[in-house]
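Please open the model in your viewer and keep the selection tool at hand. The tour goes from stop to stop, saying what to select and what is there.

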Amino acid sequence: MSAVILLLMVFFGTLPSGGSTGDECPLELLELKERIQKLNYELIIGEWTLMYLRTHHRYRPESKLDNTALPTLPSTGGNLLVHDRDCSELFDRLRPESGFYRIRPDTTLEPFLVYCDMEDGGGWTVVQKRCNGKVDFNRDWEEYKNGFGHFKSRKDEFWLGNDHIHSLLYRGEKVMKIDLMDWNGEKSYAMYDNFKVADEKDKYRLYFGMYSGRAGDALSGGSSMVDQWSASHSGMQFSTKKQDNDRYLQGNCAVENMGGWWYNRCHAANLNGKFYRGGKYTAKHDNGVVWSTWRGFWYSLRHTSMKVRPTAFMDSQGSGAGPNI
C-alpha cells in the first residue's frame, strides 16, 4: 500500500498547478487526492495497530489515534500469531498488567481468550470467577464444555470451558490456587499440586495432588474418613443437570446443587453453585457457593477464583492469601 500511495503522490507532483484546460478535471483530481490522503491515514493506523499487537500481544479497544477509534481485536480464531501457551509464558515475556489475553496451549487448536492474573506473583491463568451473581452457573454440558460468562472486565464472572481447562492442564504439572472471600471481606485460599482434568471421553475427570493453604482441603472431602468417602472430589467425573456422572444413586447432584461440578455423593466444595447474597442461607439443599472446610455448607461465598500456572514457575513475590478478587 505504501508504494501505491507514493506513486500516486508522484503523479500529483507532475500535474500542472495552473488554470484549467480542456483536458483537466479539477473536481475529480480533488476527490482522488482526498482518497489518497484517507488511504495514507489508514496505512498509519494499520502500522500502529500491528506494532501494538507485536509488542503487547493484545489490543485495547479504547485506544485512539487522532480521536479515531481503532478496530477491536477478535477474541478467538483469526490469523494473529499467538506465541504463549498460558499466562505464565506471557508474564515471563512481557510482564504485562492483569487483563484479558489470547493464549494457545495446544498448537493444533485455535487460540482463545483468558483472564491473566499478573498479581499474586504473576502468571496465573484464571479458569473460574464468581463475584457478583450476574452470571447463571446452572448450565448444561455443552456450555460447561465450551465456556460461558463475560470476558471484558476484571469484575466479570465466567467459566473458561472444560475443553480449554483440559488443554491448559494436560501437559506438565500445574498448581491450582483457589482464592476465596466471604461477605465480611475476609480472604482465604487453597492450593493443589499436579491439578489435572481429563478430556471429554473421560467426562473431564478430576485429579489433584497435595493440598496446602488456609481454607481447608475441601476438594478431598474434609478431614473425616466418612466425609471423604461421600464428598471427595478426587477422581470424580464432571456432572451437569442433564449429564449425571456422580455417585449419588438417589438423584442428580448437579440438579440439587444448581451448577456443574465434580460431584461425588454430593460435595464438600461447590464453587459453581447458586449465588446467595449475604453469606448464610437457607435452602432445601446446601447448593450455595460453598467451601465447607472454611465457612461450612450453609454459607455462600462472595468471591471465588480458580487459577492455574506451572508448578515450576518461580515468582518473585510468593503466594499468600492472594490479591483482591
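Rings of Phe, Tyr and Trp (its six-membered ring) pair if their centres lie within 6.5 Å; planes under 30 degrees apart count as stacked, over 60 as edge-to-face and the rest as tilted. Before selecting anything, note that this is a predicted model: local features need pLDDT of at least 70, side-chain atom pairs count only at pLDDT 80 or more, and totals for chains, interfaces and linings use all residues. Residues are numbered from 1 along each chain as its sequence is written, and side-chain values use heavy atoms, with hydrogens and water left out.

**Stop 1: the aromatic cluster**

Select Phe-137, Trp-141, Tyr-144, Phe-148, Trp-159, Tyr-204, Phe-238, Trp-261 and Trp-262, which form one aromatic cluster. Now keep Trp-141 and Tyr-204. Both are buried, meaning under 20% relative accessible area, where exposed is over 50% and partly exposed is in between (1.4 Å probe, protein chains only). These two rings make a tilted aromatic pair, with 5.5 Å from centre to centre and 35° between the planes. The pair links distant parts of the chain, 63 residues apart: Trp-141 is in helix H4 (residues 141-146), and Tyr-204 is in the loop between strand S10 (196-197) and strand S11 (206-207). Helices (H or I, at least four residues) and strands (E, at least two) are DSSP runs, numbered from the N terminus.

**Stop 2**

By the ring rule, the count comes to 21 aromatic pairs. For one of these, select Phe-100 and Tyr-115: the ring centres are 5.1 Å apart and the planes are at 70°, so the pair is edge-to-face. Phe-100 lies in strand S3 (residues 99-103) and Tyr-115 in strand S4, so parts 15 residues apart in sequence are tied together. Phe-100 is buried at a relative accessible area of 12%, and Tyr-115 is buried at 6%.

**Stop 3: salt bridges**

A salt bridge is a side-chain nitrogen of Lys or Arg within 4 Å of a carboxyl oxygen of Asp or Glu. The count by this rule comes to 13 salt bridges.

Select Asp-120 and Lys-307, whose side chains meet in a salt bridge (3.0 Å, N to O). Asp-120 lies in the loop between strand S4 (112-117) and strand S5 (124-130) and Lys-307 in strand S15 (residues 303-310), so the pair ties together parts that are 187 residues apart in sequence.

Next, select Arg-85 and Glu-89, which form a salt bridge at 2.6 Å, N to O. Arg-85 is partly exposed, with a relative accessible area of 47%, and Glu-89 is partly exposed at 24%.

**Stop 4: helix H5**

Finally, select residues 162-169. This is helix H5, which is mostly covered, with six of its eight residues buried. Those buried residues are Asn-162, Ile-165, His-166, Ser-167, Leu-168 and Leu-169.
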